[in-house]
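Subject: Handover of a structure and the findings from it

Dear colleague,

Please find the structure below, together with its sequence.

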Amino acid sequence: MNCRTRPTRRVLTTCLLLALGAGSTAYAQSITGNLAGKVPAGQALTIQVVGQQSGQERTLAPNANGRYSTTGLNPGRYIVNIIQDGTTVATRSVTVSPNTTVTVAPYAAPSAQLSAAEQHAEKLSAVTVSANAMNTDVTPIDVSTPELVSNFSMQLVNQLPVGRSPQSIALLQSNVTYDDQTTGSVMMGGATPAENRYFINGFDTTDDDTSIGGHAFPPEAVANTTVISDGFGASWTNATGGVMASTIRQGTNKFKAGYSVYFTPPTSRLLEPRGHDVVNANGDYYRFASQNSHSSSFTQYLWASGAIVKNRLFFFGLLGNVPPTRSTGVGMQSMSIGGSREKQAMLNITWNITDNQSLNIFGEKDWSSSSTNSYQLNQPYDRNAKGAYIGWSGGITNQHFLVGNYHYNITDNLSLVLMGGYVAETTGSVLHGQYIDQPYVESVDPNTQVATLLSNNNIFTYGPPRAFDKHGFTGKLNWDIGPNRITVGGEMYKHQVTEEWGYNPHGVWIYYDRPGAVLGNGYTVPGNGQYVQEDFHHVGGTVPTDSKAAYLQDFWNVTDNVVLYGAVRDDQYSYKNTQDKTFIHFNKISPRAGVSWDVHGDSTLKIGANIGKYAQQLPSNFTFGMADVEYVAQNYYTYTGMDPTTKAPTGTQQIGPTNVQDNGLPPTPDSIAVKNLKSNSQLEGNIYAQQQFSSGWTGMVEFSYSKLLRDINETCDYQKIDAYAHSHGFAGYNMEDQSGNCIEYNPGSSLDIAIPAVANGGTAGLLHIPDSHYGVPGAKRKYYRLTLQMTHQRTADQPYYLNLSYTWAHEYGNDNGLLDLQRGDPGYIGQTPEFDYPEMTVGGTGDLNQDIRHSFVASGVYYFPNHLNIGAVLSAHTGQPLSCFGTYTIDPTSYVAQNYGASTYVCDGKVVPLGSAGRLPFFWSLNLSAGYDWHITPKNDLQFNLQIYNVTNRRGVVNRNQTWDQGFIPASGMPPLNVNYGLPAYQAPRTTSINLRYTWG
């Protein structure tokens, strides 16, 4: 479509939508936006940019080719005047959004070049399109960058029946997958949920304790969220997953204030039904949810925004409050009644120091608390049979942010962007009860493997407050040199976690009935198989992590229609132990390249491609799991009776020695990892096309590919390492003494192990074990994806937003990435059993968790003339692959694999390859919403919105128990079967939200 011809109303509207919404280079992690355009060369034109809301005003001079651009604009509407000899010859209206550059509709000199009709169209193009239409749509085609970016305004998100977190917004795209089974988080690009990065106002808020999710922030304060599932440039970050970046609302010259309330009704059959119970073949509950309930809850926000000094100093402030709520959970022998509340305060200040300089500072504080009272049940699973009071526990979490952004347009061709920030979180727990000084005691049913609480005290672990803090700084210099935009940038983050916890100091006892079972200390259970296990576990320390990066990138306008992108990024990661000593340091070089082709030169058809290498910073729990001070041990006893009050065993006689797994001493750096350990690495690329159609439609097709090149995990095959060392000149080496049995390495690579002097006759050495000898395959993960998408943006003639997204995908390999999703293990990253021994990898290659062949998401809102609107989100996909995990029975002499219990790909004595034990059934869920916008007066607006999730209350299966047996081999032979194998987990029942938003101003 040519925007300079056929000057009909519909064509003009579509062209204006392109001008208002089309982005340009995605200048990563920015709270400001940019604009760029083109006028005829040699016409002596001047460009004036005027902010309608912020008062910013700039005068630009086109270069020799007629191109002009400016950066660092506060989000909002701008008028672009094209001036010749002091007279405005054309006017454009654009809306600037954070993180992107809007392309201004082109201007061509009139008279001889345009017909009378075209000159009339040129005048009409200056008409401002309704801001409401544009502010509720995702950004259309962006021809100036190879990146494929989706930009969502919170105005649209508020009208869709979808959650308001960055992850919920990302799930509006079919190429983003939800992890129902392990983390409750999103997966992108074939990676695990621990491989995404999250930003707020340019600050990396990823929870670097676990790397799963980002630190929470009040969604009412969010203006915009950007989602990039793959192929992002070097200035964003380094991650093997995706990126989700949000920006905070800013004030304008117009004062506004508002109140919002989000109401969730209490448990009821219609609006908030209870969950579903699951019963196994023995008639025992595998999952019990039918008596759980919750009270109603209110989330309230009071906000205001405006100018402190017109055109210069603005504010946005918010107070949030969640009054006390109550929930009840019912188990087999106990019932818990819990409550929680939360308060938030936030202030965002924007200072336009000059028209070319801006400073933004926001701070936020969040207070939340929870408490739980526990009671015994006189009848199993009966909430009406509440018995004796057990005790009380509570928790308090305090979190605060402080982030500043500075942008300086030094000249028309040179700009500086700086960001500095800080986030801290303290989480503490308090325990109280008449049985608090008694041990924790439970028993495990030999048939069902269901654990039953026997003691009065249900507190398993204790610990002082946990503290997390992160400091970060980024800076970049953008320099336009002819057709090139060169950026030199860097970033530095430091985070640390202080944590201490341990098992109940009064004792943790677990009763078992396993005739002939081999215990962790190598002894066999005597007699009738009844024994009690005493557990000890204490962890503590502060572990810091430093990450630094520098990058150089270039967006090169080879022609008017083609942009080439090239970049290189250098990341350095330092992981430190509790003594602040670096035990692992990575230096990772990541090249990136891309191309964007504006095929027709009018932003209606774009063909783009990206390729690059990516790496991943590892979180604190990677460090904490290896470099903390930890004591883990078990004692095993026969017994003759139980204490009638505490249920602790009496008449105990110990079976063998204490099984010490960690001795409580700080590990040395050489004992933690091999000397040749390298950072994880991934290759990924995509190629895509975007087409603008008439009537507001945009289509997209993308093919994406990623390949895991290298991963980090542990090996615990110390016998093989010891044997190799002894036969290669290190007879005194014993890995069990030096490394606690396990050491970090790159699966499939050789091992260079430092031999301490004490184990080598007083001289330190280096043991090199080739990968061919070690026998463990390399980490493999290949992900292929094809996505088709059609998006209709709301226009005056067609008042609806609609997005239709379909994805075909295939993921294959032997390693999910940072998390062991196959076994549902979100624990310490890099310390999963996947590559501990060669036996653990038998059958371990196949379809991985994101091998969901077909996914479809439809989301939309229709706006009626009477101010009513209806919305819907339909999500559907084919089932994920299932595996079967059992005890290793292929080789009865392989005790090391048998000690891992039901976590190998062996079931019923046969190898069942990864992902080959069937698939989950087809899944779908429908959410609906209905809203009404009441314009009471020109300055008073009231919005009502009803949102219902899983409106049909469908009981879709989202997971199944994949554990075949009970995890031990008795003297009689095969391991006992797990009666819970194959039992389902269901999607969440119907939930309802009633939302009210009032705005004045």
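A residue is called buried when its relative accessible area is under 20%, exposed when that area is over 50%, and partly exposed in between, with a 1.4 Å probe and protein chains only. Helices (H or I, at least four residues) and strands (E, at least two) are DSSP runs, numbered from the N terminus. With these terms, helix H6 (residues 620-627) has 8 of its 8 residues buried, so this helix is largely enclosed by the rest of the structure. The residues in question are Ser620, Asn621, Phe622, Thr623, Phe624, Gly625, Met626 and Ala627.

Please note that this is a predicted model, in which local features need pLDDT of at least 70 and side-chain atom pairs count only at pLDDT 80 or more, while totals for chains, interfaces and linings use all residues. Residues are numbered from 1 along each chain as its sequence is written, and side-chain values use heavy atoms, with hydrogens and water left out.

Overall dimensions

The protein contains 11 helices and 58 strands. Its radius of gyration is 31 Å, close to the 30 Å that the globule rule gives for 1001 residues, so the protein is as compact as a globular protein of that length. This radius is taken over C-alpha atoms, and the rule is 2.2 Å times the number of residues to the power 0.38. Along the principal axes, the C-alpha atoms fill a box of roughly 105 × 70 × 50 Å. Of the 1001 residues, 55% are buried.

Sheets and hairpins

Strands of a sheet pair through backbone hydrogen bonds, either parallel or antiparallel. Here, two strands are taken to pair if DSSP finds at least two bridges between them.

Strand E14 (residues 222-228) and strand E15 (residues 243-248) form an antiparallel pair over 6 bridges, in which Val222 faces Ile248 in E15.

Strand E22 (residues 334-354) pairs with strand E21 (residues 313-330) in the antiparallel sense over 16 bridges. Gly317 is opposite Leu347 in E22, and the hairpin of E21 and E22 has 3 residues between the strands. E22 also pairs in the antiparallel sense with strand E23 (residues 357-377), over 19 bridges. In that pair Ser336 is opposite Ser374 in E23, and the hairpin of E22 and E23 has 2 residues between the strands.

Nonpolar surface patch

Which residues make the nonpolar surface patch of about 780 Å²? They are Tyr862, Phe864, Leu868, Ile870, Tyr932, Trp934, Ile936, Phe944 and Leu996. Strand E51 (868-877) and strand E54 (923-937) are the elements that give two or more residues to the patch, and E54 gives the most, with 3 residues. Ile936 lies in strand E54 and is partly exposed, at 38% relative accessibility.

Like charges are joined within 9 Å, and nonpolar side chains (Val, Leu, Ile, Met, Phe, Trp, Tyr) within 5 Å. Accessible areas come from the Shrake-Rupley method with a 1.4 Å probe; for residues, only the protein chains shown count as cover.

Individual residues

Val102, in strand E8 (residues 101-103), is buried at 5% relative accessibility. Its C-alpha atom is separated by 6.2 Å from that of Asn34, 68 residues apart along the chain.

Ser268 is in the loop between strand E16 (256-264) and strand E17 (278-279), and at 28% relative accessibility Ser268 is partly exposed. The C-alpha atoms of Ser268 and His294, 26 residues apart along the chain, are separated by 9.3 Å.

Yours sincerely

How values were computed: Patches are made of residues with over 30% relative accessible area and no salt bridge: like charges are joined within 9 Å, nonpolar side chains (Val, Leu, Ile, Met, Phe, Trp, Tyr) within 5 Å. A salt bridge is a side-chain nitrogen of Lys or Arg within 4 Å of a carboxyl oxygen of Asp or Glu.
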